[in-house]
Amino acid sequence: MKRIDAIKRIAEQLKDELAICNIGFPSRELYAVKDSPTHFYMLGSMGMSSSIGLGLALAQERKVVALDGDGSLLMNLGSLVTIYSQDPKNFILILLDNECYGSTGSQCTYASTVNLSLIAEAVGFKNTFQFKENLDLTHVLKAEGPVFVHVKVEQGNADVPVIDMEPEEIKERFMENINK
Amino acid sequence: MVSLPCINLGKIIEMVDCDPDIIHVPVTREEEGFGICAGAYLGGKKTAILMQNSGLGNSVNVLASLFKLYQIPIIMILSHRGTEGEFMSAQIPMGEATPGVLDALEIAYFLPETPDDACKVLSGAWLLSEMGGSPVAMLLEIGFW
């Protein structure tokens with residue numbers, strides 16, 4: 001499965017959930033397949049998707065979905081420990097794992113030798129899901145958080161433009177949606 | 001409020017942990033703590049981080065490319081080690097670098113000399129942070145304690 005197809009499937013199945021999307025091509029691909037005021041597109045701060053998602057989940061009641069990458073999660077592995085310990089019932093971490101740093105030229109990550117699902121399970125995550133095809137989130141969205149979802153995707157980026165929104169515009173639209 | 005420990009912050013962290021009006025999230029590394037605070041702000045909370053200045057170094061990118069970029073406020077309460085009275089030489093290089101790192105990021109900071117001073121400037125510091133769309137720091141030097 002291509003990453004953009006995985007992102008499209010995820011975006012189609014989200015309704016009222018708030019989504020934090022990882023820096024680089026994943027945000028661009030999400031913006032290209034479906035834009036929504038419930039999306040927060042990261043334009044910097046690699047590694048922070050799971051942490052921003054956790055903070056948002058702890059601060060309010062709506063369900064939060066953080067889209068992370070293998071390279072990004074490896075930069076902030078301690079986040080899994082904090083998420084598990086804080087135990088947010090309304091938080092889903094979706095790892096789009098292409099075993100490489102896709103936005104910087106597809107250099108390999110250690111996700112090709114280490115199974116990141118096993119790390120999440122060893123930390124204590126009880127609800128973990130693995131997908132290679134048929135990305136059906138029905139059970140994921142009903143599961144009690146914190147949930148860890150591991151999606152294996154192909155390497156490569158879609159030919160999509162950069163996001164033509166200002167950072168402040170992304171933030172303010174997102175916060176207005178939460179407060180409405 | 002997220003926290004990382006410093007011997008000088010021990011009592012404050014205990015008080016934060018006991019306060020039912022504060023969501024306290026101990027974190028594994030400062031950068032992660034900043035990410036959590038950014039998310040909590042998006043969700044409507046006022047946020048702060050309690051940390052030692054030694055962790056400022058691993059937070060420079062998140063401060064620049066998340067907080068500055070999106071104009072997100074936060075109060076950074078830093079135990080400023082390596083200042084006058086420091087007994088551990090290892091703390092001195094980062095202690096000396098700290099104001100310069102904050103200056104480079106254009107993060108304003110207060111230098112309260114006593115706990116009373118800190119209380120007086122705290123609410124103004126949040127207003128400055130929110131209105132200015134930038135983190136604001138409070139440096140608590142060794143002499144503060």
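Chain A brings 27 residues to its contact with chain B, and chain B brings 23 (two residues are in contact if their C-beta atoms, placed from the backbone, lie within 7 Å). This is a predicted model, where local features need pLDDT of at least 70, side-chain atom pairs count only at pLDDT 80 or more, and totals for chains, interfaces and linings use all residues. Residues are numbered from 1 along each chain as its sequence is written, while chains are lettered from A and ligands numbered from 1 in the order in which they are written.

**The side of chain A that touches chain B**

- Helices α3 (49-59), α5 (78-86) and α8 (167-179) of chain A each give at least two residues to this side.
- The largest share, eight residues, belongs to α3(A).
- By class, this side holds 13 nonpolar, twelve polar and two charged residues. Here Ala, Val, Leu, Ile, Met, Phe, Trp, Tyr, Cys and Pro count as nonpolar, Asp, Glu, Lys and Arg as charged, and the others, Gly among them, as polar.

**The fold of chain B**

- Chain B has five helices and six strands, which are DSSP runs numbered from the N terminus (helices: H or I, at least four residues; strands: E, at least two).
- Along the sequence, the pattern of chain B reads β-α-β-α-β-α-β-α-β-α-β.

**Packing in chain B**

- Buried residues account for 43% of the 145 residues in chain B. A residue is buried if 20 or more other C-beta atoms, placed from the backbone, lie within 10 Å of its own.
- Of the contacts in chain B between residues at least 6 apart in sequence, 72% join residues at least 24 apart.
- Taken along the principal axes, the C-alpha atoms of chain B fill a box of roughly 40 × 35 × 30 Å.

Key
A residue is buried if 20 or more other C-beta atoms lie within 10 Å of its own, exposed if 12 or fewer, and partly exposed in between; C-beta atoms are placed from the backbone.
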